[in-house]
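These are my notebook entries on one structure.

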Amino acid sequence: MAAVIPAGALIASVVVLATKAGPAVRVNGAHFLTGSDWKLGNTYGAIQHTDGVAHPLGSSYGAWPLIAGTLQSSAIALIIAVPISLGAAFALTERLPRWLSSILRFGIELLAGVPSVLIGLWGALTLGPLLARDVYPIVADHMPNVPVLSYFKNPVGHGEGLLTSGIVLALMIVPIIASTARNLFAQVPALPKEGGEALGLTDWEVTRKITLPWVRSGLIGATVLGLGRALGETIAIAMVSGALLNTITPNVYGTMGTVAAAIVSQLDSAFTDGTGFAIASLAELALVLSIVSLLVNMLARFIVHRTDSLSAPVGVGF
Amino acid sequence: MAKEVTALPSPRRRHLANWLFFRVGSMLALLLVVGPVLWVVVTVVANAAPHWKWSVLTTTTQGTSGGLENAVLGTLLLLLGVLVIAGVIGVAGGIYLAELVGTKANGKPRGGVFRAATEVLSGVPSIVLGYVGFTALVVGLHWQLSLLPAWIVLSVMVVPYIARGTETALRQVPTVYREGAEALGMPLGYGLRKVVLRSAIPGVVTSLLIALAISAGETAPLLYTAGWSVDNPSFSLLHKQVGYLTYPVWEFWDYPSKQAHYLSFDAALLLVVIVLILLVTARLIVARTQRHAESRR
């Protein structure tokens with residue numbers, strides 16, 4: 001009975017979202033994914049009917065800036081978080097002094113447990129302004145005007161924006177990637193590693209030539225798992241991104257918005273739409289987010305588990 | 001056929017690389033993981049401590065000033081409900097997955113569908129769960145913003161963690177214990193309760209504490225299920241909004257008034273304290289059991 005509840009909750013969630021989003025899906029069509037104007041329309045004025053669905057005159061829902069913002073901030077988060085997590089995971093599995101590794105393990109647990117609203121508060125009031133005052137200007141002034149790097153040029157803004165969001169997101173996904181990677185490293189059998197040591201390889205060479213190849217696909221899974229979390233993170237990003245709806249940032253410092261942050265910041269104003277079409281469109285946004293994160297998560301679990309099954313099952317007759 | 005033998009770089013360069021990537025690299029990672037945690041906590045404490053008044057705990061919120069008694073009591077009430085609902089479901093699910101499902105012909109445990117559903121559920125963004133709770137329970141069933149939908153959504157959110165933690169803890173109990181219980185003629189349920197579950201209790205409690213820490217820190221799903229109230233929580237399950245600690249942090253931090261700002265950081269400090277207590281207790285339990293496990297060998 002208890003085991004049915006997660007499956008039931010999962011199916012119920014998707015069904016509820018799909019039902020609620022139905023009218024919005026029909027009216028918004030492909031414009032929802034490609035358009036870049038999120039407007040409630042005139043909520044006090046005339047009501048228009050499209051395909052039998054009532055919505056305010058002039059309403060238009062294009063979520064492309066939000067989708068782009070989500071992808072951009074998650075990509076930045078992964079670029080920052082993956083090396084840090086791997087370093088932390090190495091430090092945990094290899095021969096660090098005991099007191100050090102226990103501090104690190106507790107640090108990772110704490111980082112996973114710090115409420116995202118606190119990380120958002122710190123990001124918006126301390127980290128963001130600090131970066132915008134002391135770090136971003138130096139970076140921006142020294143960037144050459146070549147493709148990719150020109151995204152790092154001025155103006156740097158006030159600390160709310162894409163890069164700050166990416167850094168904050170990175171912090172929040174480090175625990176997931178690091179702990180998954182640590183479990184993977186721990187599964188690499190000792191014999192090949194000892195063989196490497198016996199051949200005179202240094203610790204780093206053993207890691208790079210034996211441990212890493214052994215768990216490569218698992219590490220990809222761990223990264224995708226982190227991506228899943230980054231895509232859905234809400235409150236912290238709503239606090240440090242600027243929570244915009246219709247803007248794709250021109251450089252990495254600019255204010256932007258993500259799908260998850262929009263769901264949390266738009267519900268209040270969605271209620272002003274008497275036809276309920278704004279609520280339906282938000283449901284469509286939630287539907288898009290949940291389908292994407294479900295796919296990403298299932299992919300990640302699949303990859304991680306394929307590596308997992310190499311190891312002996314613990315507690316089942318061993 | 002044989003691979004071409006390539007010369008290794010000089011020993012000095014190899015050891016430099018080792019030192020650079022390994023010692024310096026892991027130290028840097030350590031710094032970048034532990035540093036931000038400390039920084040967040042220090043920021044909160046430094047901003048809250050100068051104006052901290054104990055009366056915050058005994059007065060309720062008035063608009064954007066006053067105290068946080070309502071929020072503290074609300075958060076505790078939410079945690080209590082999650083502990084009961086998610087605790088029962090999660091532990092039962094974990095026991096089911098670890099002990100009762102049996103094994104397939106190829107030696108893999110059964111119950112793959114439920115395990116997969118649990119894991120996938122843990123990957124659904126909490127805002128989506130909150131939104132579903134809002135449309136289905138708050139609006140759909142006319143429960144309005146209130147305690148019960150908040151309990152349900154938070155529970156659905158943390159059940160995967162508890163089930164997973166319970167399953168892992170049970171799998172670490174040696175098979176010999178189960179065989180011993182069976183050899184003594186204990187019925188399955190009795191042996192499970194008295195022998196297997198008892199040895200797994202530290203792991204189960206740890207997962208419960210971590211689940212509570214997660215629930216205490218949630219904001220997004222609560223905004224759309226619990227609402228916000230400046231009154232102390234009553235025990236009515238439906239139709240009455242509930243206050244909780246993450247709301248003032250999220251809502252008041254960028255208000256212009258100084259009182260609102262203070263309130264935001266007071267709530268943040270209380271959150272830090274609650275979450276730290278839960279996580280440190282969980283850590284201590286783990287450390288204690290590990291010490292015992294080692295001394296037994």
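**Entry 1: salt bridges.** I looked for salt bridges across the interface of chain B and chain A, and the rule finds 2. A salt bridge here is a side-chain nitrogen of Lys or Arg within 4 Å of a carboxyl oxygen of Asp or Glu. I noted one pair, Glu109(A) with Arg283(B), whose closest N and O atoms are 2.6 Å apart. Arg283(B) lies in helix H10 of chain B and Glu109(A) in helix H4 of chain A, so the pair joins two chains. Over all chains, the search of the whole structure gives 7 salt bridges. As background, side chains of opposite charge can pair when their charged atoms come close.

I also wrote down the conditions. This is a predicted model, in which local features need pLDDT of at least 70 and side-chain atom pairs count only at pLDDT 80 or more, while totals for chains, interfaces and linings use all residues. Residues are numbered from 1 along each chain as its sequence is written, chains are lettered from A and ligands numbered from 1 in the order in which they are written, and side-chain values use heavy atoms, with hydrogens and water left out.

**Entry 2: the rest of the interface.** I counted polar contacts between chain B and chain A and got 9 residue pairs, both residues at pLDDT 80 or more. (A polar contact is a pair of N or O atoms within 3.5 Å; within protein, one must be able to donate a hydrogen and the other to accept it, and residues adjacent in sequence count only if both atoms are side-chain atoms.) On the side of chain B that touches chain A, helix H1 (residues 11-48) gives the most, with 19 residues. Helices are DSSP runs (H or I, at least four residues), numbered from the N terminus. That side of chain B divides into 45 nonpolar, 15 polar and 7 charged residues. In this scheme Ala, Val, Leu, Ile, Met, Phe, Trp, Tyr, Cys and Pro count as nonpolar, Asp, Glu, Lys and Arg as charged, and the others, Gly among them, as polar.

In contact terms (heavy atoms within 4.5 Å), 67 residues of chain B meet 79 residues of chain A. The buried area is about 6600 Å², with 78% from carbon and sulfur atoms. Buried area is the accessible area (1.4 Å probe) that two parts lose on being put together, summed over both.

**Entry 3: cavities.** How many cavities of 30 Å³ or more does the whole structure hold? The search finds 8. On a 1 Å grid over the protein atoms alone, a cavity is a set of points where a 1.4 Å probe fits but cannot get out, and lining residues have an atom within 4 Å of a point. Grid points are joined across faces, edges and corners, and a volume is the space filled by probe spheres set on the points.

The largest cavity has about 90 Å³. Its lining includes Leu110(A), Pro115(A), Val37(B) and Leu279(B). H10(B) gives the most to this lining, with 4 residues. By class I listed 11 nonpolar, 1 polar and no charged residues for the largest cavity.

The second largest cavity has about 70 Å³. Among the residues that line the second largest cavity are Leu77(B), Asp231(B) and Lys240(B). The classes for the second largest cavity are 4 nonpolar, 5 polar and 2 charged.

Technical notes. On a 1 Å grid over the protein atoms alone, a cavity is a set of points where a 1.4 Å probe fits but cannot get out, and a pocket is an open set with protein on both sides within 12 Å along at least five of seven lines; lining residues have an atom within 4 Å of a point.
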